[in-house]
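My entries follow the order in which I looked.

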Amino acid sequence: GLEGVERIHDFWAHVDEADIIYFFDCYDGEMQDWLRKRGCCVFGSGRGEQIEIDKIKFLETLEDVGLPCPRTYVAQGLEDLLDYLEANDGKTLYLKNLHRGDFESRKFTSMAQSKPFFDDLKKRLGPACQDLEVLVQDGIEAQCEVGYDGFQVDGELTKNCIVGYEIKDQGFVAKIFPETPEILKKVNAAFSPTFKQLGYRGNYSTEIRITKNG
């Protein structure tokens, strides 16, 4: 329905005639890498998608580049998860499903409050409960949640960017900045060598919780 745009149904039949191949999201990183090695001009995250998709690699990268990382426990199976939560009952924690699909990230405050959810999860997953992998993270007390939205090529990021402020599930407001604010620039600079190594060339966003002490 867009003037001047032709929909095609066979990607590979048109690769050789493309001036640029644009990937809008994740899950095609290896294909992007292969196309670039073949000489194609590709806009996309490439193998840099690993930082978004692989949550364990992301946490390891945070440590490698010297950025703070919340205390994290990797629960193997529902029984292990419940044992850990029982031992931390009453503490605010965040549960992140490593493989998505089973459930979305959720806040935990007590076993009593979460029991109906886990009863339903056990019923839905059945024997697959033993294969569940969940990151359990301590909360980060923050003054605000802010993010950088811009572009990068092999770790070189645009200075002008959109800076967005979010209140989870309530609202989002953004402003265009001609220069990246210092605290966001620091995070970008820390990740830059990693993205250069992984061949990230595309649009790029962060979500950062800023604590009272900065």
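These entries cover the overall build, the charges and the cysteines.

Before starting, I noted that this is a predicted model, where local features need pLDDT of at least 70, side-chain atom pairs count only at pLDDT 80 or more, and totals for chains, interfaces and linings use all residues. Residues are numbered from 1 along each chain as its sequence is written, and side-chain values use heavy atoms, with hydrogens and water left out.

Entry one, overall build. I found six helices and 12 strands in the protein; these are DSSP runs, H or I of at least four residues for helices and E of at least two for strands. Along the principal axes, the C-alpha atoms fill a box of roughly 60 × 45 × 35 Å. Of the 214 residues, 36% are buried (under 20% relative accessible area with a 1.4 Å probe, protein chains only; exposed is over 50%, partly exposed in between).

Entry two, charges. I noted 26 positive and 38 negative side chains, with the centres of the two sets 5 Å apart. Lys and Arg count as positive, Asp and Glu as negative, and His and the chain ends are not counted. Each charge is placed at NZ of Lys, CZ of Arg, CG of Asp or CD of Glu.

Cys144 is in no disulfide either, as the nearest cysteine sulfur, that of Cys161, is 14 Å away. Cys41 is partly exposed at 45% relative accessible area, and Cys144 is partly exposed at 29%.

Technical notes. A disulfide is a pair of cysteine sulfur atoms within 2.5 Å.
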